[in-house]
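Let's take a walk through this model together. Have the sequence and the coordinates open side by side as you read.

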Amino acid sequence: MNRSNLHSKLIRLLLIIIISAVAAPGFLATRTIANGVAAVPQYDDPYSDFRNARYSNAGLLNERDEIKLGAQLHREVTKKYNLTDVGLDRVDRIGQRCARASLRPSLVYKFHVIQGREINGFSIPGGHVYVTTALLRLANDNELGAVLCHEVGHLVARHSLQTLKKSKEYDDIANSLGNLTGVAGSIAHDLGVSLGQIVGAGMLTIHSRDEEREADFLGVRTMPGAGLDPQGMITIFQKLLRIEERDSDLLGSLFSDHPDAQERIENTKYEIARMKRR
Ligand SMILES: [Zn+2]
């Protein structure tokens, strides 16, 4: 083998090594992580389970029945809580921006304000979102937007519909909704009784830690598109943390059952740093 032949063989071998290294996903992944270390403190991605999720009503109540269910549940909510127009314009204006920027923009969302000293927010199927007057007093617009985008996140991921699907009442409710043509009549009455119990028990508004984490993830990612500063999600958690230390009775189920606020703050910081790198 002459010298120039050996030379060209070496170059070819080198090229093969370079090409296979670049093409191997492990190499690219390592490089991405290496860049990440330079930009933000290193955490495991708290949201890795949700990044590739696709959302639909498949396997759950279809959207038409979901909306019927929501109308029935809303009637039960109005029996349990005092709704008010105080602050409603502000909630609706910000909430509709979250809805439009979300991964489920075609649903008709209805925002409501509940009169009460408990700091709370929750949502039910069919696009109904509720926040209390106490939350409105506590939160600036970006912070209120964080809560509303979080609640829209629960609706995007159909968390309550999944809870309902697992319940023993599911078949009865699904059948009643299928037969329901209006709000009057015996079917609506029977349905109202069982849905009243469901609302009373908070069955559809209490979520698992993973569901909360997913709604936080969907919420914070929705905020920039809604014209909101995602830092609002951090500062509302900080406010809630201070209240929790002082007077936890003021916190409604929305916050008291969630993963602890400090963890949510760290996770949100992680995601905001990640969004900025894109
Ligand atoms: Zn939640």
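This is a predicted model: local features need pLDDT of at least 70, side-chain atom pairs count only at pLDDT 80 or more; totals for chains, interfaces and linings use all residues.

A residue is called buried when its relative accessible area is under 20%, exposed when that area is over 50%, and partly exposed in between, using a 1.4 Å probe and protein chains only. Residues are numbered from 1 along each chain as its sequence is written, and side-chain values use heavy atoms, with hydrogens and water left out.

The secondary structure comes to 13 helices and four strands; these are DSSP runs numbered from the N terminus, with helices being H or I of at least four residues and strands being E of at least two. Contact here means heavy atoms within 4.5 Å. Among contacts between residues at least 6 apart in sequence, 73% join residues at least 24 apart.

Donors are N, O and S atoms within 2.8 Å of the metal (3.2 Å for Na, K and Ca), and since water is not among the atoms, sites may look incomplete. The protein donors of the zinc ion are His 150 (NE2), His 154 (NE2) and Glu 212 (OE), lying 2.1 Å from it. Along the chain they follow the spacing H-x3-H-x57-E. His 154 sits in helix α6 (residues 141-156) and Glu 212 in helix α10 (residues 209-222), so this pair ties together parts that are 58 residues apart in sequence. Both His 154 and Glu 212 are buried.

A search of the whole structure finds one, and it joins Cys 98 to Cys 149 with an S to S distance of 2.3 Å. The torsion about the S-S bond is about -85°, so the disulfide is left-handed. Cys 98 lies in helix α4 (residues 88-101) and Cys 149 in helix α6, 51 residues apart. Cys 98 and Cys 149 are buried.

Now turn to how α6 packs against helix α11 (residues 231-247). Their axes are 8 Å apart, at an angle of about 90°; axes are lines fitted to C-alpha atoms, for helices over the stretch in contact, and angles run from 0 to 180 degrees between N-to-C directions. That makes α6 roughly perpendicular to α11, given that angles under 35 degrees count as roughly parallel, over 145 as roughly antiparallel, 65 to 115 as roughly perpendicular and the rest as oblique. On the α6 side the contact includes Asn 142 and Val 147, and on the α11 side it includes Met 233 and Ile 236.

Arg 158 has a positive phi of about 55° although it is not a glycine, and at 8% relative accessibility it counts as buried.

Finally, look at Phe 111 in strand β2 (residues 110-114). Phe 111 is buried, with a relative accessible area of 6%. Leaving aside neighbours within four places in sequence, its contacts include Leu 88, Val 91, Leu 148 and Val 152.

Note on methods. A disulfide is a pair of cysteine sulfur atoms within 2.5 Å.
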